[in-house]
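This report is a guided reading for someone who is meeting the structure for the first time. Please look over the sequence and the model below before going on.

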Amino acid sequence: MEQVTRNVRTETRWRGCNPSYVITSDGVVVIDTPQLPTRAIAMRREAESCGPIRYVINTEHHVDHIFGNYYFKGSGAVVHHQGVYDNFMTVYPELDPFAYAAEAIPTDDPEGAASFPDREEYYRDPNKGTVVFSGDLTLRVGQHTFELLHTPGHTPGQIAVYVPDERVVFTGDTVFSQCQTWLMTSDVDQWLSALDRIRSLDVDRLVPGHGPVTDLLSLDCQRATLLEWTAAVAVAVAKGWSRDETAARVTFADRCPVDVGQSHMMQYIQTLNAGSLWDKLTSAGPVKEEANDQ
């Protein structure tokens, strides 16, 4: 895995989120887990070679950040914001996260088929949070402090994990670095406030939810993306465009690629983002969770 600082490792080249871990004098803290079985098993093995895993922290409830928890059972306490806990691998009419994880195995991790549980086995113990909090939470592990900051916007239970001793922050999907942003059921106003909160931190490196490791300058790019999407859809609404017309005509596909392993989802993202914003700006009712793994 990529060495971000002396004690921080992350992986930005796998399909799914950027799973990471921090080495302390009293063990390892994992931040998000790989969606794919072989990657999760390999990451656990690597992390445990550096010491016992003390905590597994998930920054949000989307399947690409949490499915790998199954392969970390017995390795440390799982920590969730209440919003993550409440939505952990919940099956909705519009989205079955377990089915979505299973669909990725033949194309992205065929070797992981032997390690992939059936539905009943998985839900018997998916390794959900045992430490659940609201607001913020501070953990002390060895000589390191971990500040778990509630930064809602992309999801209601979104958190950032600030490690001042390493001058690093793990933002989860509050930041998409050099790849397409998935808006889904997000609250853009809250998301902009979350960016401001992260901007106030004293860090050198920022580990995003997706894309390359970056720094605080990426917050300006993320803010611009959110504002441009919102403005473009607001103009469409002002012109009287329907939801379908807006979804068909508003696109930012030329800006940047989709994250690793999901190039086939480009048009889906554009339609999803435009449609969800149209719903919000026209007060058409709550936007339903969409079938994706971001």
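## The second largest cavity

Asn18, Ser20, Ile31, Asp32, Phe170, Gly172, Val207, Pro208 and Gly209 line the second largest cavity, where a cavity is a set of points, on a 1 Å grid over the protein atoms alone, at which a 1.4 Å probe fits but cannot get out, and a lining residue has an atom within 4 Å of a point. Strand 11 (168-176) and strand 12 (205-210) are the elements that give two or more residues to this lining, and strand 12 gives the most, with three residues; helices (H or I, at least four residues) and strands (E, at least two) are DSSP runs, numbered from the N terminus.

The volume of this cavity is about 40 Å³, a volume being the space filled by probe spheres set on the points, with grid points joined across faces, edges and corners. By class, its lining has four nonpolar, four polar and one charged residues, where Ala, Val, Leu, Ile, Met, Phe, Trp, Tyr, Cys and Pro count as nonpolar, Asp, Glu, Lys and Arg as charged, and the others, Gly among them, as polar.

## Basis of the model

This is a predicted model, in which local features need pLDDT of at least 70 and side-chain atom pairs count only at pLDDT 80 or more, while totals for chains, interfaces and linings use all residues. Residues are numbered from 1 along each chain as its sequence is written, and side-chain values use heavy atoms, with hydrogens and water left out.

## The largest pocket

About 320 Å³ of space lies in the largest pocket, a pocket being an open set of points with protein on both sides within 12 Å along at least five of seven lines. Its lining is made up of 18 residues, and Phe176, Cys179, Cys221, Thr225 and Cys256 lie nearest the centre. Helix 7 gives the most to this lining, with seven residues, and the lining as a whole has seven nonpolar, nine polar and two charged residues.

## An aromatic pair

The structure holds 11 aromatic pairs, counted where rings of Phe, Tyr and Trp (its six-membered ring) have centres within 6.5 Å, with planes under 30 degrees apart taken as stacked, over 60 as edge-to-face and the rest as tilted. The ring centres of Tyr70 and Tyr122 are 5.5 Å apart and the planes stand at 35°, so this pair is tilted. Because Tyr70 lies in the loop between helix 2 (63-66) and strand 6 (77-81), and Tyr122 in helix 5 (residues 119-124), the pair ties together parts that are 52 residues apart in sequence.
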